[in-house]
Amino acid sequence: MQPSENFFTEKLGISEETVQQALTIQQEKGGTLLRILVRQEAVDEIDLLQKLAEVMNMEYSISLPSGIEADFTTEVPIGFLKKHVMMPIAVHDDIYIAINDPFSFQPLDNLRRILGWETARPVLCPHNAIISAINFAYDMTQNTAEEVMQDIDDEDPEALFSEIEDTGDLLDDTSDSPVIKLVNLMFSQAVRDGASDIHIEPYQNSLKIRQRLDGILYDMLTPPKHVQSALISRIKVMARLNIAEKRLPQDGRIELKVASKEVDIRVSTLPTAFGERVVLRLLEKSSVLISLTDLGMPEDRFAPFSEQIKAANGIVLVTGPTGSGKTTTLYAALTSINNTDINIITVEDPIEYRISGIGQVQVNSKIDLTFAAGLRSIVRQDPDVILVGEIRDTETAEIAIQSALTGHLVFSTLHTNDAASSITRLIDMGIEPFLIASSINAVLAQRLVRIICPDCRESYDPDPEAIAKLGLTPEDMVGKKVYRGRGCASCHHTGFKGRCGIFELLVMDQQMKQLVFKTANANEIKQLAVENGMITLRRDGAEKVLQGITTIEEVYRVAQE
C-alpha cells in the first residue's frame, strides 16, 4: 500500500515537483516512494522518519540495541528481511519489529505470523541500521565450521561448480553444499575479524587454514585432509581459474559481498609436494583511504615529509619489507596533493585502491607491461607526479631517476631494511652515485607495530635488559609506565588491536649529497643522518613504548638493528 501524493505534500511538507519526480522513477524502476526520496537526496532520512513517526503516532529510534536475540534466523529467510527492510528485535522482555517503511503492512503482518509475535509493535528505524542488524544476526548464526565439516562426506561434486553471483551477498547464499558453506564461512569469518590474508596450506596428512590479523598468522580452521581437493576447486571456480591445471601456479581474483561489504580477493595458487597451496589477499573496496595525518607520523617527521611530497621534482622513496604499509603511505601522500592543478599517473602491481582524479595503470607481465615499460609510456603523458609501485630492477630505477631529473616528482618503494640502505641498494643496481645524490629528495623507512588492546591493557615492570635493547636508559624511564595486553575476547586473545607506523626519515641535504657522492657505505650514511637529527626506527618505536601505544617485544620484532 502507498499513501496519496497529498500525504507527502501536505503532511510531510515535500514539494509536488519532488514527489512527481519520485513517482516517475518508481514507475520505471519500482521500489517504495520513501526510499526513492531518500536516495534522490530530496529529503533527509532522519527528518523524514521523525515526521512520519509524529504524523502516524508511531515510535522512532535512530539505532538498534546490541545483544539482539537471533533465534528467528532459522525461521525467517535473510532475503525476506532485506527485501522489506525489517528486523525482529527481542531484548530482555521488550519485543518489537524495526521497520523502515511504515506502509509495508502486509510483510509486517506476515513476519508477525511467522514468529508468533501478533502483538509486536512496529518502530521506525533508518535503513542502514536495520540492514546492518540483519547482517550481524545472520553472520553470527552461520553454521560453525565443525557442523559444516561433519556434512562434508556427503558432498555432491556437481554442487561445487555452481557459479557465484557477482553482486549477491555471501550471507544470502542458501547452498546446501557443505564445501560451499565452508568456503562462505571462511570468507565471512575473515571479513568479520578484519583479516588481510587467508592461507590454505596442505601437508602430508592434514590441511590447515590460517588468517593474518595485524600482520601475524593465526590458526583459523583445520578441515579433514580429504576436503582439500574440493575446497581448492571451489575457490578456483570462484576465481575463474583452470581447475584441471594443478601443476602450474595460477593467479585470479574474486569479487564478493559479505554483510554488504564489497570485498576484492586476490587468489594465488602454488603447487607443493602435498597439493596446491592457496593464498587469498582480502581488500575491502569500501575501506576509506587513510589521510596523511592519520598515519601516526610524529610532527618532527610529518612536517618535512609533507614538504618533500609537494616538491616540484625529485624522488621520494618509501622503504620497508612486504606488508609494512608502504603503499598505504604513498596513497595517503598522493591523496593529500591530489587536485585539479596537477596530473598524477601511477603504475602499480596491483592497483589496491582506486583514487578519483588519478590515472592508474596496472602492470601486466603477460603482455610485457612491466614497471619499466609503463613508466616509459607514462612520461609521455605529461605528468606532474608519477607513482611507480616498486623499483625492482636497474631499468626502472634509471627511468625513474631520468624522470626526476627532467622535472617530474616521482614516488616509489624499495625493499630495504632502513633509509640509508636504500642509497646503497640503488648503487648496487648500477646507478651512478652522482645521479642518486642529485635526484633523491628523501627516503622514508617504516614498519607497522601492533597497538596494545585498550580493553585488556595492563602496566608492568619490564626487564632492564629489554629496556636497554631498545636504546633506552634508566633516566628515560623516570615517571614512565610500560604496558602490555593480557588478551581478551575483543582482541582474539592476542593482546593487540590494530596497528600503527614507526618511521625513519632521511632528507638529502647538501652534506648528505656530498657523502653519497663519495661513498656507498650505509653505516656512514646512517651515522651522518643521526648526527643531523634523524630519529631511527628503533628510537621511534621506543617512544611509542613510552607512550603506552605498543610493547617492547613488538618494536624489537619489527625493528632489529
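1. On a 1 Å grid over the protein atoms alone, a cavity is a set of points where a 1.4 Å probe fits but cannot get out; the volume is the space filled by probe spheres set on the points. Searching the whole structure gives one cavity of 30 Å³ or more.

2. Before going on, please note that this is a predicted model, with local features needing pLDDT of at least 70 and side-chain atom pairs pLDDT 80 or more, while totals for chains, interfaces and linings use all residues. Numbering runs from 1 along each chain as its sequence is written, and side-chain values use heavy atoms, leaving out hydrogens and water.

3. Around the largest cavity sit L34, R35, V38, E45, L48, L49 and N100, lining residues being those with an atom within 4 Å of a point. Helix 3 (33–39) and helix 4 (45–55) each supply at least two residues of this lining; helices are DSSP runs of H or I, at least four residues long. The lining divides into four nonpolar, one polar and two charged residues.

4. Elsewhere, helix 9 (residues 178–193) packs on helix 10 (residues 228–238) at about 70°, with axes 9 Å apart; axes are lines fitted to C-alpha atoms over the stretch in contact. The two helices are therefore roughly perpendicular, a label for angles of 65 to 115 degrees.

5. In the contact (heavy atoms within 4.5 Å), V179, I180, L182, V183, M186 and F187 of helix 9 meet A230, L231, R234, I235 and M238 of helix 10. These residues divide into 10 nonpolar, no polar and one charged.

How values were computed. Axes are lines fitted to C-alpha atoms, for helices over the stretch in contact, and angles run from 0 to 180 degrees between N-to-C directions. Angles under 35 degrees count as roughly parallel, over 145 as roughly antiparallel, 65 to 115 as roughly perpendicular and the rest as oblique. Ala, Val, Leu, Ile, Met, Phe, Trp, Tyr, Cys and Pro count as nonpolar, Asp, Glu, Lys and Arg as charged, and the others, Gly among them, as polar. On a 1 Å grid over the protein atoms alone, a cavity is a set of points where a 1.4 Å probe fits but cannot get out, and a pocket is an open set with protein on both sides within 12 Å along at least five of seven lines; lining residues have an atom within 4 Å of a point.
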